[in-house]
Amino acid sequence: MSRINDDCFVVKGKLALPYQYFAGRTGSRFLIALRDENKILGVKCKKCEKVFVPPRSTCETCLSDISDSWQEVKPTGVVTGFTVVRYEEPHQPVKPPFIQALIKLDGADTPFVHIVKGVSASQMKNGLKVKAVFKKKKDSTSTIADIDHFRADQKAAQRQIGYTYEELEIGMSASFTKTISETDVYLFAGISGDFNPLHMDEEYAKKGPFGTRVAHGSLAQNLIAPVLGMKLPGLGTMALEVTTRFRAPTYFGDTITATGEIVEKLPDKKWVKLALTWTNQKGEVIGTGSALVMPPVAPPE
Ligand SMILES: [Zn+2]
């Protein structure tokens with residue numbers, strides 16, 4: 001090693017850099033209303049029918065000047081996305097771990113970021129209702145932190161229900177995957193009473209259309225039940241109609257994925273329609289269909 005390297009010392013340090021900036025005309029009015037009146041203001045683009053929170057002077061869609069169409073939104077909203085922060089940084093508002101979430105306030109069309117308390121990381125979920133808890137006036141910092149945090153509706157967090165009609169959106173999807181074993185086929189034969197030798201007797205099935213035993217079609221079809229009943233919409237859902245068109249057989253050992261996607265909302269009945277697809281491990285579509293379901297209804301608060 002050379003002398004030059006031996007003489008090099010790296011001194012690590014950090015500089016504090018105090019700074020200030022003008023929050024802007026729009027930002028200032030937002031922060032003042034928050035601080036002095038505990039009101040959360042947004043601006044509405046009347047052309048696009050969209051309310052922006054935090055407010056902005058220009059509509060992001062049509063670029064109209066919307067800086068004067070103020071509108072108060074509610075201090076309540078729903079979580080549309082979240083993360084659990086576990087590392088520590090000096091500028092964080094609270095000590096980790098904490099939940100940082102995207103919150104869409106009631107009356108707003110855009111989500112904004114804040115901290116959620118009153119719910120454990122394991123119970124945190126999208127769709128959870130939250131309510132702003134404002135800082136005491138004497139602790140005001142004239143920043144977004146004048147909302148100290150959003151408090152989760154604990155009852156709703158513990159409530160075991162799936163997505164309600166209002167929370168469901170077209171395009172949402174969920175899947176369930178299972179490998180179909182010989183045991184599954186035998187158990188299903190016992191449950192359904194369908195001991196057709198096409199499913200049970202290899203020598204018989206060899207002479208059949210598939211050249212080997214295949215699983216009951218309805219066994220693969222039923223893999224949609226955990227999707228509808230436990231994921232999307234989830235617990236509390238009632239299935240009204242499930243249709244399936246079988247397109248290919250399920251062989252023993254095949255891994256089948258059943259997927260449901262919300263394709264239509266029926267506002268008069270508050271039912272939803274899902275498009276269903278069943279695929280095997282090769283990506284082949286073995287079935288397609290549709291489901292009509294009644295999503296769970298949230299109990300009154
Ligand atoms: Zn617009």
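User: Let's start with Val242: buried, partly exposed or exposed?

Analyst: Keep in mind that this is a predicted model. Val242 has 35% relative accessibility, so it counts as partly exposed.

User: Where does Val242 lie?

Analyst: Val242 is in strand β10, which covers residues 238-246.

User: And which residues does Val242 touch, leaving out those up to four places away in sequence?

Analyst: With those left out, Val242 touches Gln221, Ile224, Leu228, Leu276, Ser290 and Ala291. There's also Leu292: Val242 and Leu292 are 50 residues apart in sequence, yet their C-alpha atoms are 6.6 Å apart in space.

User: Switching to the metal. What coordinates the zinc ion?

Analyst: Four cysteines do it through their SG atoms, at 2.3 Å: Cys45, Cys48, Cys59 and Cys62. Along the chain, the donors follow the spacing C-x2-C-x10-C-x2-C.

User: What's the arrangement of the donor atoms around the zinc ion?

Analyst: Tetrahedral, because the 4 donor atoms subtend angles of 105 to 113°. For reference, the ideal angle for four tetrahedral donors is 109.5 degrees.

User: Is Cys59 buried or exposed? And what about Cys62?

Analyst: Cys59 is at 1% relative accessibility, so it counts as buried. Cys62 is at 24%, so that one counts as partly exposed.

User: What's the phi of Asn38?

Analyst: Asn38 has a positive phi of about 50°, although it isn't a glycine. Asn38 lies in the loop between α2 (24-37) and β1 (40-45), and its relative accessible area is 30%, so it is partly exposed. Glu49 also has a positive phi, near 60°, and isn't a glycine either. Glu49 lies in the loop between β1 and β2. With a relative accessible area of 56%, Glu49 is exposed.

User: Now the rings. How many aromatic pairs does a search of the whole structure find?

Analyst: It finds 2. One of them is Tyr19 with Tyr21, a stacked pair at 6.3 Å centre to centre with 5° between the planes. Tyr19 is exposed at 65% relative accessible area, and Tyr21 is exposed too, at 66%. Then there's Phe112 with Phe150, an edge-to-face pair at 6.0 Å centre to centre and 75° between the planes.

User: What does the Phe112 and Phe150 pair tie together?

Analyst: Phe112 is in strand β6 (residues 112-117) and Phe150 in strand β8 (residues 147-152), so the pair ties together parts that are 38 residues apart in sequence. Phe112 is buried at 5% relative accessibility, and Phe150 is buried at 0%.

User: Last topic, the overall build. How many helices and strands are there?

Analyst: The protein has 8 helices and 13 strands. Its radius of gyration is 28 Å, well over the 19 Å that the globule rule gives for 301 residues, so the protein is more spread out than a compact globule. The C-alpha atoms fill a box of roughly 85 × 75 × 40 Å along the principal axes.

User: What share of the residues is buried?

Analyst: Buried residues make up 34% of the 301. The protein exposes about 18,200 Å², with carbon and sulfur atoms supplying 55% of that.

How values were computed:
Residues numbered from 1 in each chain as written. Predicted model: local features only at pLDDT ≥ 70, side-chain atom pairs only at ≥ 80, totals over all residues. Heavy atoms only, no water. Donors = N, O, S within 2.8 Å, 3.2 Å for Na, K, Ca; no water. Tetrahedral: all angles 85-135°; square planar, octahedral: opposite > 155°, others 65-115°. Buried < 20%, exposed > 50% of the residue type's maximum accessible area, 1.4 Å probe, protein only. Helix = DSSP H or I, 4+ residues; strand = E, 2+ residues; numbered from the N terminus. Rg over C-alpha atoms; globule rule 2.2 N^0.38 Å. Areas by Shrake-Rupley, 256 points an atom, 1.4 Å probe, with all protein chains shown as cover. Phe/Tyr/Trp six-rings, centres within 6.5 Å; stacked < 30°, edge-to-face > 60°. Contact = heavy atoms within 4.5 Å.
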